[in-house]
Amino acid sequence: MDDASIDLQRAARDAAYSMPLELINPADPELFRTDTMWPYFERLRKEDPVHYTADSGFEDIGGYWSVTKYNDIMAIDTNHQVFSSEPTIVLPDPAEDFTMPMFIAMDQPKHDVQRKTVSPIVSPANLAYLEPIIRERAATILDDLPIGQEFNWVDKVSIELTTMTLATLFDFPWEDRRKLTRWSDVATASPDSGLFSSTDPEIAEQERRAELFECVDYFMRLWNERVNAPPQPDLISMLAHGESTRNMDRMEYLGNLILLIVGGNDTTRNSITGSILALSQNPDQERLLRADHSLIPAMVSETIRWQTPLAYMRRTALEDYEIGGKTIKKGEKVAMWYVSGNRDEEVIERPNDYWIQRPRVRQHLSFGFGIHRCVGNRLAELQLKIIWEEILKRFPRIDVVGRPQRVLSSFVKGYEALPVVIPTRN
């Protein structure tokens, strides 16, 4: 870490501990862009683990609760009778004139039957089918990387591999696959993210909706092709022929598409980038990995904990509920901060260390728990495992040569750029 980064972290710690407790707002996206949220969560875990923020910073939603400790998050994430995923899994409520129902933001029984429709895509048999395809593509991507020249790892590797995989899952036209990346970014972007022509919230929202309508129109053409053909093992065909999904309206189709695109793209690509950054910052762990390739699966799990690619999930209380000495009232919003629970000192040994030989390395919250546990978790782990098996065959070093550029979001904890240089090949 350079001097400027050290100074930034010191200033963040001073601010986090000097600020009145009631003013702490973990959902401020600037904390995530600057990677300075850690001392705020540390203080909340110590002093106010079930914390109410009166002013969320999101227009028209008012206050929300933050749950920051591992066991409290588990208690809420597995209590589907009291805590609902409807109408959304993010803090702002959907606009009344632009709602996108999706199965992750549904409760039982509708959630279960829609999830079951697409779950065969990540069955053990299909993962075994996908593994050589992913490996071949990973090899091609890595073999095409420049040697001795700076490039953006996010764009050249992380996005490219995950977008290729996603295009395969959808059986999406190959030449248009980067549209998936764009739609994934747009779906979760804020007006001031830099993705739109204007930072004016109304103009940016109009642009966002226009692009998402483009997304659903594109996929509607694919739906019409698949629904009139025999069922195939791709996501669109599964949705088109599924008993619980074949009668979805346009906005529910869009909602489930965005869920599958973001879930299959953003999370894995940010963990791939996170692994490069984590190993660069922890050279002792990289030496261990290079000396013993059998540590790759453990490194993958530790990266997913350390990175926590989705920082939180929201629930809404269906009745009054007491936890941590506080009463969450019926109708109030609750953010389960996975990113904080994964650093809980009372549950995770050496939580701030990146430690690939960690005991119980799969003990983390990044995939969630209960009925909403990430359906694609094994596919995410598979992609990370493969890319690192192929990296270690080819490159004795990958040097991070500049600061990561992080996404302006308190939901997607990710990267826009990571400058690297590969000095030589094996």
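**Exercise 1. Decide whether F83 is buried or exposed.**

Solution. F83 has a relative accessible area of 1%. Buried means under 20% and exposed over 50%, with partly exposed in between (1.4 Å probe, protein chains only), so F83 is buried.

A word on the model: it is predicted, so local features need pLDDT of at least 70 and side-chain atom pairs pLDDT 80 or more, while totals for chains, interfaces and linings use all residues. Residues are numbered from 1 along each chain as its sequence is written, and side-chain values use heavy atoms, leaving out hydrogens and water.

**Exercise 2. Classify the ring pair of Y312 and W337.**

Solution. Start with the rule: rings of Phe, Tyr and Trp (its six-membered ring) pair if their centres lie within 6.5 Å; planes under 30 degrees apart are stacked, over 60 edge-to-face, and the rest tilted. Here the centres are 4.9 Å apart and the planes stand at 55°, so the pair is tilted. Finally, check burial: Y312 is buried at 2% relative accessible area, and W337 is buried at 0%.

**Exercise 3. Find which charged residue sits over the ring of W38.**

Solution. The criterion asks for NZ of Lys or CZ of Arg within 6 Å of the ring centre and within 35 degrees of the ring normal. R343 has its charged end over W38, 4.0 Å from the ring centre.
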